[in-house]
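The exercises below are to be worked through with the sequence and the model at hand, and each task is followed by its solution.

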Amino acid sequence: MADSQEITEAVCIHTRKIYDSCRDKDCVEDLRLYPTAGSQPYIESAFSVRPCSATLLYADVDVDEISFNRGHYTVDVTYFYEVTGTTFPGENTVRGLCVFNKRVMLFGSEGSARVFSSDGSFTGSASQPVAVVECVDPIVLNMKLVDACPTGIVGDMRDVPQSILNHFGEDLLLNDGVRLVLCTLGQFSIIRLERDSQLVVPVYDYCMPDKECPPNSEDDPCTMFSRINFPVEEFFPPDSIDTAEDYRSAIQNLNTQ
């Protein structure tokens, strides 16, 4: 951090100010898997399903004002996941869609201004804040097979965006089959509410890039290989292993089980 004596001036900038935020570590149990048409026959004949991976395809975010709590808003997030597993016996890959709904309440202040730009367009209203959701791909903690009837789970036709349906390349079975797959996912997320604001910030200097633009690379493969550092850690095992698992190591361990 530069000393206060190095501040050259104070300038007013237009940016988004964060009014409230939260972070969550959700363990979501028994999410219904909507399998692809090609996966359902493997599910019907399997004894069990081993979890492989999950990918966050899309998060739909909606903000609503809370009438009884001034300046507060609910943020509803709908996560759409592609989840894959392997059946036993047969080692067949099954995949499908899981949907997780989450709601949080955050402070977003108040505003009533309408924003117009010089090109004549209406760029938005300040009556509601903007919700921003940051998240990573979930960890697949468990997958299990259940019979459809005893569980009491009924099929429901969700309003799935067409782009999500197109991603799978084949039809998804959104109605009940004889057997269902239920998934348990671990999801890390950060949710915040922001508003456009004008802030005064100190200026130290102009932000001149200190990195040169790399030229178009036409190096031969051996030249490119020469830039890679020698992987010493691959040849000499560590004297001890840290048992504390971070996000990346947890995913790697689950995917190799």
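**Exercise 1.** Find which residues of the largest nonpolar core touch the most other members.

*Solution.* A nonpolar core is a set of buried Ala, Val, Leu, Ile, Met, Phe, Trp, Tyr and Cys residues joined through side-chain atoms within 4.5 Å, where buried means under 20% relative accessible area with a 1.4 Å probe, protein chains only. The largest such core has 30 residues, and Y81, V83, M143 and V181 touch the most other members. Among the elements that give two or more residues to this core are strand 1 (9-32), strand 3 (48-65) and strand 9 (139-147), while strand 4 supplies the largest share, six residues; strands are DSSP runs (E, at least two residues), numbered from the N terminus.

This is a predicted model, in which local features need pLDDT of at least 70 and side-chain atom pairs count only at pLDDT 80 or more, whereas totals for chains, interfaces and linings use all residues. Residues are numbered from 1 along each chain as its sequence is written, and side-chain values use heavy atoms, with hydrogens and water left out.

**Exercise 2.** Determine how strand 4 and strand 5 run relative to each other, and how many bridges join them.

*Solution.* Strands pair if DSSP finds at least two bridges between them. Strand 4 (residues 72-88) and strand 5 run antiparallel, joined by 15 bridges, and T84 has R95 as its bridge partner in strand 5. Four residues lie between the strands of this hairpin, in which G90 takes a positive phi near 105°.

Terms used:
Buried means under 20% relative accessible area, exposed over 50%, partly exposed in between (1.4 Å probe, protein chains only).
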